[in-house]
Amino acid sequence: MPISRTDGALTAAAGCSSRADSLGNLLFYTNGETVWNRQHQVMNGGGGLLGNNSATQHLIVPGPGSDRHYYIFTLPGQGTGGATYGLRYSLVDMSRQNGLGEVTRRNELLLSSASSRVAAVPHANRRDIWVVTHQVDSDVFYAYLLSAGGIVAPPVTSRGSFVHDSNVGGGNGQLKISPNGKQLALAAETSSTQRPQDKVGLEIADFDPQTGRVSNAISLPPPQLAAYGVEFSPDGNKLYVTDPSFNGLFQYDLLASNIAASKAQVASPVRPGLGQTPKHSLQLGIDGLIYVAHPRETYLGVVAEPNQPANSCAYNDNAVALAGRTSELGLPSFLQRDLWHFTSRGACQNFPVAFAFPAGYAPDSVRWHFGDPQAGPSTHSTQTSPSHTYNAPGRYLVSLTLILPGGYASTLRKYIEIFPVARVSLGRDTTLCPGSTVSLNAASANARYRWQDGSTDATITVSQAGWYWVEVTNAAGCTTRDSVRIMASPVPRVQLGADTVVCLGTALELRPGLVEPGVRYRWNNGAIGTSQVVGQAGKYWVEGTNSAGCSARDSIEIFYLDPPTVYLGRDTLLCIQSDRPLVLNAGLPGVRYRWQDGSTGPTFVPTSTGLYWVTVSTALCSASDTIQVRLFECRQTVFVPNIITPNGDGKNDELHIIGLGDEGWSLSIYNRWGQAVYETSHYKQNWNAEGLVDGVYYYMLRQYYTNQQVKGRVEVLR
């Protein structure tokens, strides 16, 4: 889309025209009254032109055979009847004023009774130019031949299909010539709203670029109430017309047998309380789009696909913002050949860019230059619709030279921008360990993403083997793809075996089972290798990691057969409880057992008071342990031992009273002289006669809630 510029000096109610060089660099512009140079200053001699800025059209055309002379054709204002100033021309010499130009001739009269419209089209010889207008209050077209020597007299006149009545606006409305130069269309604005369909609003005719004659003219009623703007589609098969009184945009099919019946309105948004946006002048751009003027609005409408039917021509009512400035009735007018253009489809590095131009140009031959010196001979082509791949991003000057019938060459040039493709790398093919995941990251600034499963995030997390791909599209619309293969990898087999018992003083070599090629082994102490020799009890582990990074770990507990290893616990006394019997456990892995009664299981359940022992054996060594167990028939009573041995050996160091339960019991202990040496309101099984001498002590145990009392004596013996 065009970029709005706010540094211009032009103000016009309707008609205006501008001129640029072949690369689009501004040379000068006019509103029919004043000429401004590219620095937006009034051109030397550029004031006092006898046009009117309210005229529907003014027009700048190049002098045939000259690269410095330009003709400005100006017209009277809308509603003046043409008689005020008429169709006139002025001559600009761009070689003057250091390339800023100078108006060297002004206001040369051609037709005093001209309407406010003008168009131009190349002669069939492709050198000269026809300048076409229409006489006001008449049905006559005037075609002036402009050659290298200037205006050739007399003009060619042709009768049209109806008289353009200035009293009802017939002198207003645009005149356009089709891209192939063989048809013209004219809007004769109808200002009366009384039975508008009985009036003529449009005229369509054939034009002969060889003779300048207009023929086969037909007239049509306005689309609804009036007609003002007209424009041909780039392929010349559609005609677009605005109805300013109805605020509508309409399309006609010029290939239809009944052109009037082919009328279709182009959909346009309705503003709440205001209706549709006003629409006046239309203008085909060099980009192949048709622009729509919205009077007193800050934007222009655009028909983006003008070759398509009305229901799919992609009209956007506010496509081009004017940076705070406002549009009026008109848009700049151009020589029909100035709108010749070529298109490029694609703008991404390393992808083909397709070039084309409208078939209506009908050249005998073409020469393309893609402006890519790195391409060598491939930067040239003589194909009608070639493509070229640019291997580096950047700005390239592309030119198309059309060799037209008669040998005339017309060169079109424009810059195209080639953008870098989005950069994405999912990395090398990789492996996935069982139970693990891999994160694939395609993140790129200002990009869109599409993965093989349709997801659109920048990253995905993978938990299964397979092929994965992503397409990344950057802000320029360039798309690239990368893929990666995720393969499943087994984990190493690591087996240290079952927990085991060895004899005291014996070293044991641990190995991870079958040693697999390419697997690295790391032990619990940080050692690296396929084995580890241990000489102490403990838990040991080894971790194997293969070349894919998959790891497995196994552990083993080693017991050394010595008394601390075979331990039945402290000597104990407790109530006999059938539902929770005392179980003596000497369990160790891979050994033999022999209890005091000859039994050989790893556990034993005492059923009476006594001394219990067990011998644990391997093939090479053995170890034993004993325990004194005293069992009492408590039957819900409290049992207080009669002796404690608080010598710090961990056996019978505190007074453990059987049957206290969760209820609160107070305990008082007295020496032989009746003096209290210990008192507590809630005994916690923790009296150890600390600070007292050996001997006999007396206790009184009382239950708080029932007031039950238990009295007796206990001996302290260290």
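Buried means under 20% relative accessible area, exposed over 50%, and partly exposed in between, with a 1.4 Å probe and protein chains only. By that rule, 46% of the 718 residues of the protein chain count as buried. This is a predicted model, in which local features need pLDDT of at least 70 and side-chain atom pairs count only at pLDDT 80 or more, while totals for chains, interfaces and linings use all residues. Residues are numbered from 1 along each chain as its sequence is written, and side-chain values use heavy atoms, with hydrogens and water left out.

**Figure 1. The whole protein chain.** The protein chain has zero helices and 55 strands. Helices (H or I, at least four residues) and strands (E, at least two) are DSSP runs, numbered from the N terminus. The C-alpha atoms fill a box of roughly 150 × 65 × 55 Å along the principal axes. The radius of gyration is 52 Å, whereas a compact globule of 718 residues would have one near 27 Å. That radius is taken over C-alpha atoms, and the globule rule is 2.2 Å times the number of residues to the power 0.38. Contact means heavy atoms within 4.5 Å. Among contacts between residues at least 6 apart in sequence, 51% join residues at least 24 apart. The accessible surface comes to about 34300 Å², and 48% of it belongs to carbon and sulfur atoms. Accessible areas come from the Shrake-Rupley method with a 1.4 Å probe; for residues, only the protein chains shown count as cover.

**Figure 2. The open sheet E26-E27-E30.** Three strands form this open sheet, in the order E26-E27-E30 and with antiparallel pairing. Strand E26 (343–345) and strand E30 (387–389) stand at the edges with a single partner strand each, so one side of each has no neighbour in the sheet. The twist averages 25° from one strand to the next. Axes are lines fitted to C-alpha atoms, for helices over the stretch in contact, and angles run from 0 to 180 degrees between N-to-C directions. Two strands pair if DSSP finds at least two bridges between them. Strand E27 (residues 352–356) and E30 run antiparallel and are joined by three bridges. Ala354 stands opposite Ser387 in E30.

**Figure 3. The disulfide of Cys348 and Cys478.** A disulfide is a pair of cysteine sulfur atoms within 2.5 Å. A search of the whole structure finds three disulfides. In the one formed by Cys348 and Cys478, the sulfur atoms are 2.1 Å apart. The link is left-handed, with -95° about the S-S bond. Cys348 lies in the loop between E26 and E27, and Cys478 in the loop between strand E37 (466–473) and strand E38 (479–488), so the pair ties together parts that are 130 residues apart in sequence. Both Cys348 and Cys478 are buried.

**Figure 4. The disulfide of Cys433 and Cys550.** The sulfur atoms of Cys433 and Cys550 are 1.9 Å apart and form a disulfide. The torsion about the S-S bond is about -95°, so this disulfide is left-handed. Cys433 sits in the loop between strand E33 (430–432) and strand E34 (438–441). Cys550 sits in the loop between strand E43 (538–545) and strand E44 (551–561), and the pair links distant parts of the chain, 117 residues apart. Cys433 counts as buried at 14% relative accessibility. Cys550 is buried too, with a relative accessible area of 0%.

**Figure 5. The disulfide of Cys503 and Cys621.** Cys503 and Cys621 form a disulfide, with sulfur atoms 1.8 Å apart. Its torsion about the S-S bond is about -100°, so the disulfide is left-handed. Cys503 lies in strand E39 (residues 500–503) and Cys621 in the loop between strand E49 (610–617) and strand E50 (622–632), so the pair ties together parts 118 residues apart in sequence. Both Cys503 and Cys621 are buried.

**Figure 6. Two further buried cysteines, Cys16 and Cys313****.** Cys16 has a relative accessible area of 9% and is buried. Cys313 is buried, with a relative accessible area of 1%.

Figure 7. A cis peptide bond joins Ala153 and Pro154, with omega about -10°. Pro154 is found in strand E11 (residues 150–159). His40, a residue other than glycine, has a positive phi near 65°. His40 lies in the loop between strand E3 (35–37) and strand E4 (59–62). Asn652, also not glycine, has a positive phi near 55°. Asn652 lies in the loop between strand E51 (643–644) and strand E52 (665–670).
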